[in-house]
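The exercises below concern one protein chain. Work through each task with the sequence and the model in view, then compare with the solution.

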Amino acid sequence: MKRFLLSTLFVMLSIFLIGCSDTNKNTDATDQETPEAEILVSAAASLTDALEDLKADFEKANEGVTVTYNFGSSGKLATNIENGAPSDVFLSASSKDMNELEDKGLLIHESRKDFTENALVLIAHKDSDSTISSFEEIDPAALDHFAVGEPESVPVGRYTKETFENLDLWEPLKEKLVLGSDVRQVLTHVEMGNADYGVVYSSDAFVSDDVKVLAEADTDWHAPIVYPGAVVKDSKHQEAAQQFLDYLTGAEGKEALQKFGFK
């Protein structure tokens, strides 16, 4: 009887140990499958196509790092970061918004780098019969609606306002303006026929099959359209965030940006 009980206990103990071993193996496997870092990139809406295009290649080249994007107007993204919204990398369509965060000590200064440029263009729907070929030819009296970015928070709107003020067109156009919350909304207004004209970046017009470019703004009419990027100081994954920024500013990133109309 005693030998039977000992045999039974031995079998039960063996089953228990095997179960623990399998559990540890499963736990180890789960741990290995868990990404080392998931970074959130807050980026100007105009970068949408280029960044989505390079996502898979970046993650393949940097095993264990996954990327999630938050696209919007640079001004609103900067405000969100200032108010404590989580973010690991900030990619702005203007130096102004980046400068404001840097001045408040919210970015890692050494990580900041300008990575691309853009141009301002006048667009109309692809089926428009407009004969305008320059910004100077815009006639406020001859149009109903003109789509532009909201100048207080959207960089493309700020550049547009500077351009129109230089051409004495801002005040005459004020009552005709349709304000977009980011550059992609401005593009959509023209694509949908909700506005006769719009002003967007050349890269946005480049990716649309529904609009045509009528003219490009003279660079003397507005501040330089430069895109800076930086790692956010409160990032919990600063190393992975820097890897992403290095990739974007490297050969692969430049290729993706040029592919979608950036300079």
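A residue is called buried if its relative accessible area is under 20%, exposed if over 50%, and partly exposed in between (1.4 Å probe, protein chains only). The model is predicted, so local features need pLDDT of at least 70 and side-chain atom pairs count only at pLDDT 80 or more, while totals for chains, interfaces and linings use all residues. Residues are numbered from 1 along each chain as its sequence is written, and side-chain values use heavy atoms, with hydrogens and water left out.

**Exercise 1. Aromatic pairs at Phe-164**

Task: Describe the aromatic pairs that Phe-164 forms with Phe-135 and with Phe-146.

Solution.
Step 1. Rings of Phe, Tyr and Trp (its six-membered ring) pair if their centres lie within 6.5 Å; planes under 30 degrees apart are stacked, over 60 edge-to-face, and the rest tilted. The structure holds 12 such pairs.
Step 2. Phe-135 and Phe-164 have their centres 6.4 Å apart and their planes at 50°, which is a tilted pair. Phe-135 is in the loop between strand S5 (120-125) and strand S6 (146-149), and Phe-164 is in helix H5 (residues 155-166), so the pair ties together parts 29 residues apart in sequence. Helices (H or I, at least four residues) and strands (E, at least two) are DSSP runs, numbered from the N terminus.
Step 3. Phe-164 is buried, because its relative accessible area is 0%. Phe-135, at 1%, is buried too.
Step 4. Phe-146 and Phe-164 are edge-to-face, with 5.4 Å between centres and 85° between planes. This pair links strand S6, which holds Phe-146, to helix H5, which holds Phe-164, across 18 residues. Phe-146 is buried at a relative accessible area of 0%.

**Exercise 2. The nonpolar cores**

Task: Which residues touch the most other members of the largest nonpolar core, and which helix gives the most to this core?

Solution.
Step 1. A nonpolar core is a set of buried Ala, Val, Leu, Ile, Met, Phe, Trp, Tyr and Cys residues joined through side-chain atoms within 4.5 Å.
Step 2. The largest core has 67 residues, of which Leu-47, Leu-91, Leu-122, Phe-146, Phe-164 and Phe-244 touch the most other members. Helix H9 (residues 238-249) gives the most, with six residues.
Step 3. A second, separate core has nine residues, including Ala-78, Ile-81, Phe-90 and Val-232.
Step 4. Contact means heavy atoms within 4.5 Å. Not counting residues up to four places away in sequence, Leu-91 touches a set that includes Leu-47, Phe-115, Phe-244 and Leu-248.

**Exercise 3. A buried charge**

Task: What does the side chain of Asp-88 reach, and which side chain of opposite charge is nearest?

Solution.
Step 1. Asp-88 lies in the loop between helix H3 (74-82) and strand S3 (89-91).
Step 2. A salt bridge needs a side-chain nitrogen of Lys or Arg within 4 Å of a carboxyl oxygen of Asp or Glu. Lys and Arg count as positive, Asp and Glu as negative; His and the chain ends are not counted. Asp-88 is buried and has no salt bridge, with Lys-236, the nearest side chain of opposite charge, 8.9 Å away.
Step 3. A polar contact is a pair of N or O atoms within 3.5 Å; within protein, one must be able to donate a hydrogen and the other to accept it, and residues adjacent in sequence count only if both atoms are side-chain atoms. The Asp-88 side chain reaches the backbone nitrogen of Leu-40 at 2.7 Å. Asp-88 and Ser-235 are joined by a side-chain polar contact of 2.6 Å.

**Exercise 4. Salt bridges**

Task: How many salt bridges does the whole structure contain, and where do Lys-259 and Asp-53 lie?

Solution.
Step 1. The search finds 11 salt bridges.
Step 2. Lys-259 and Asp-53 form a salt bridge, with the closest N and O atoms 3.3 Å apart. Lys-259 is in helix H10 (residues 251-259) and Asp-53 in helix H2 (residues 48-61), 206 residues apart. Lys-259 is partly exposed at 48% relative accessibility, as is Asp-53 at 32%.
Step 3. Lys-96 and Glu-100 form a salt bridge at 2.8 Å between the closest N and O atoms. Both lie in helix H4, four residues apart, about one turn of the helix.
Step 4. Asp-49, Arg-184 and Asp-204 are linked in a network of salt bridges.
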